[in-house]
Amino acid sequence: MASMKTNEQICAAVEGAFSPLNCVAEIWDYEQKLRFRVSDATNETVLTCPNEVLANLRDDTALTAFLQNVRAEVEDNGYTLNPWLGLG
């Protein structure tokens, strides 16, 4: 059975998935949603994700798939990301 992530664990996973780019994640809407922004070294926005439902990201499999898809989108836009070791 996959473990269920806390809000803090989800934010940490998201923020760590886009190195060497910067990422800031926050929980909002009465702790029901996640939003985050990925930016480059000059603080130029690379990607924003304004409205993800946390209930859809609680288990390891769903969170990993989500982050892999978003990482691919960032890389498709010409950015090189460090290898991601997945959820720790």
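Modeller: At 9% relative accessibility, cysteine 49 counts as buried, where buried means under 20% relative accessible area with a 1.4 Å probe and protein chains only. This is a predicted model, in which local features need pLDDT of at least 70, side-chain atom pairs count only at pLDDT 80 or more, and totals for chains, interfaces and linings use all residues. Residues are numbered from 1 along each chain as its sequence is written, and side-chain values use heavy atoms, without hydrogens and water.

Biologist: How many disulfides are found in the whole structure?

Modeller: A disulfide is a pair of cysteine sulfur atoms within 2.5 Å. For cysteine 49, the closest cysteine sulfur is that of cysteine 23, 9.3 Å away and therefore too far for a bond. The sulfur of cysteine 23 has its closest cysteine sulfur in cysteine 11, at 8.9 Å, again too far. The search of the whole structure gives a count of 0.

Biologist: Which residue in β3 is the bridge partner of leucine 34?

Modeller: Strands here are DSSP runs of E with at least two residues, numbered from the N terminus, and helices are runs of H or I with at least four; two strands pair if DSSP finds at least two bridges between them. Strand β2 (residues 33-39) and strand β3 (residues 45-53) are antiparallel, with 6 bridges. In β3, the partner of leucine 34 is glutamate 52.

Biologist: Which side chain of opposite charge is nearest to arginine 71?

Modeller: Arginine 71 belongs to helix α2 (residues 60-76). Arginine 71 is buried without a salt bridge, defined as a side-chain nitrogen of Lys or Arg within 4 Å of a carboxyl oxygen of Asp or Glu. With Lys and Arg counted as positive, Asp and Glu as negative, and His and the chain ends not counted, the nearest opposite charge, 4.1 Å away, is glutamate 75.

How values were computed:
Buried means under 20% relative accessible area, exposed over 50%, partly exposed in between (1.4 Å probe, protein chains only).
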